[in-house]
Amino acid sequence: MDFEFIKNLKFIIISFRIQPDKTLTLPFFKGATIRGGLGYSFKKNVCVKNETDCKNCSSFSDCVYVNLFEPKKIKEKIEEIPRPYVIEFPVNKKNVYREDEIFEFNLILFEKAVKYFPYFLISFAYLGEKGIGKFREKFFIKEVFQKYPVEKEIFDFRKGTVEMPEVREYELIEKDIDKISIKFLTPTKIKSQGDFITVPEFEVFIKAVLRRISQILYFWCDFKEKIDYSEIIKEAEKVKIGKCNLYWKDFKRYSTRQKEEMKLGGILGEIEYRGDIGKFYPLIEIGSYIHIGKNTSFGLGKYIILTK
């Protein structure tokens with residue numbers, strides 16, 4: 001099977017290390033709070049007209065905020081447009097951080113959004129000044145590092161200098177393995193034949209990865225070539241489930257922008273697949289970086305590979 005098309009999917013992973021001014025209180029699902037605060041802060045920093053409704057603005061079609069955060073407003077006829085970023089947060093029960101503690105999270109940006117990284121940095125800094133969460137608690141950015149595809153320092157408050165992240169071609173890796181264990185760290189919604197499922201067969205899982213890759217390539221990496229996935233899906237049908245310990249988890253968040261409560265959720269836990277897995281490794285690995293399923297910009301759809 002030819003996975004050369006994956007090389008066109010370019011992205012970066014940036015780690016932000018922030019320190020509370022006094023105390024920082026976050027809910028269990030931290031991604032929704034960070035994402036909500038980022039959207040508000042980003043709009044405040046780039047908006048030049050201050051219109052209540054973005055569509056009334058003369059700069060609407062060229063607006064950085066609309067293109068990155070609400071792209072469907074510009075391309076209304078397209079049913080689903082992925083956001084070019086993912087907020088990746090630590091999956092733990094710790095929700096209170098003191099002034100001497102560090103809270104770390106990742107920002108994933110896809111190729112066309114990388115040039116806007118300085119806007120993201122400024123927006124996070126502004127958010128820290130204004131405060132985040134229910135109690136509007138303040139923080140400051142202590143350090144910013146690039147973790148992928150290279151490792152380097154981007155920002156250190158003691159130096160006050162900022163480096164631009166680097167983008168490189170994705171490197172394909174195959175492994176000689178006959179089984180693999182996947183652990184879903186954040187709720188993952190995978191749809192098959194119109195329904196969300198709790199136990200994804202391997203071909204359903206691979207379809208979800210391919211769908212995510214295809215959308216990012218088309219909208220954010222300028223890759224417009226049509227790819228025939230039929231052989232990949234046919235081969236994936238031969239791989240079977242070994243062990244399964246998955247469960248469904250629902251939670252809610254309030255959207256300030258939409259002014260309504262949103263129900264989010266998906267599968268969590270571990271699943272093992274057995275068969276000729278090695279040739280699928282490039283797909284499985286890149287899926288673990290970019291997240292799959294619904295609401296990925298909040299950090300949903302994160303999984304890790306347990307079998308190396």
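Which residue's backbone oxygen lies 3.0 Å from a polar atom of the side chain of Gln146?

1. The basis of this note. This is a predicted model, in which local features need pLDDT of at least 70 and side-chain atom pairs count only at pLDDT 80 or more, whereas totals for chains, interfaces and linings use all residues. Residues are numbered from 1 along each chain as its sequence is written, and side-chain values use heavy atoms, with hydrogens and water left out.

2. Gln146. The residue asked about above is Tyr148, whose backbone oxygen lies 3.0 Å from a polar atom of the Gln146 side chain; a polar contact is a pair of N or O atoms within 3.5 Å, where, within protein, one must be able to donate a hydrogen and the other to accept it, and residues adjacent in sequence count only if both atoms are side-chain atoms. Gln146 belongs to strand 6 (residues 139-148), and helices (H or I, at least four residues) and strands (E, at least two) are DSSP runs, numbered from the N terminus. Gln146 counts as buried because its relative accessibility is 2%; buried means under 20% relative accessible area, exposed over 50%, and partly exposed in between (1.4 Å probe, protein chains only).

3. The largest cavity. The structure holds 1 cavity of 30 Å³ or more, and the largest cavity has a volume of about 60 Å³. Its lining consists of Ile18, Leu24, Leu26, Ile34, Phe103, Phe105, Phe124, Leu127, Ile132 and Phe139, and the elements that give two or more residues to this lining are strand 5 (103-110) and helix 4 (117-130). A cavity is, on a 1 Å grid over the protein atoms alone, a set of points where a 1.4 Å probe fits but cannot get out, and lining residues have an atom within 4 Å of a point; grid points are joined across faces, edges and corners, and a volume is the space filled by probe spheres set on the points. By class, the lining has 10 nonpolar, no polar and no charged residues, where Ala, Val, Leu, Ile, Met, Phe, Trp, Tyr, Cys and Pro count as nonpolar, Asp, Glu, Lys and Arg as charged, and the others, Gly among them, as polar.

4. Helix 1. The 17 residues of helix 1 (residues 30-46) should span 24 Å at 1.5 Å a residue, and its end C-alpha atoms are 24 Å apart, which agrees; the expected span is 1.5 Å times one less than the number of residues. Helix 1 is mostly covered, with 12 of its 17 residues buried, among them Lys30, Arg35 and Ile34, and Ile34 also lines the largest cavity.

5. Helix 5 is mostly covered, with 15 of its 19 residues buried, and is followed by Asp222, whose phi is positive, near 55 degrees. In helix 7 (residues 281-290), 9 of the 10 residues are buried, so this helix is largely enclosed by the rest of the structure; the buried residues include Tyr281 and Glu285. Just after helix 7, His291 takes a positive phi of about 70 degrees.

6. Cysteines. A search of the whole structure finds 0 disulfides, a disulfide being a pair of cysteine sulfur atoms within 2.5 Å. The sulfur of Cys57 is 6.2 Å from the closest cysteine sulfur, in Cys47, which is too far for a bond. Cys57 is buried, with a relative accessible area of 15%, whereas Cys244 counts as partly exposed at 40% relative accessibility.

How values were computed. On a 1 Å grid over the protein atoms alone, a cavity is a set of points where a 1.4 Å probe fits but cannot get out, and a pocket is an open set with protein on both sides within 12 Å along at least five of seven lines; lining residues have an atom within 4 Å of a point.
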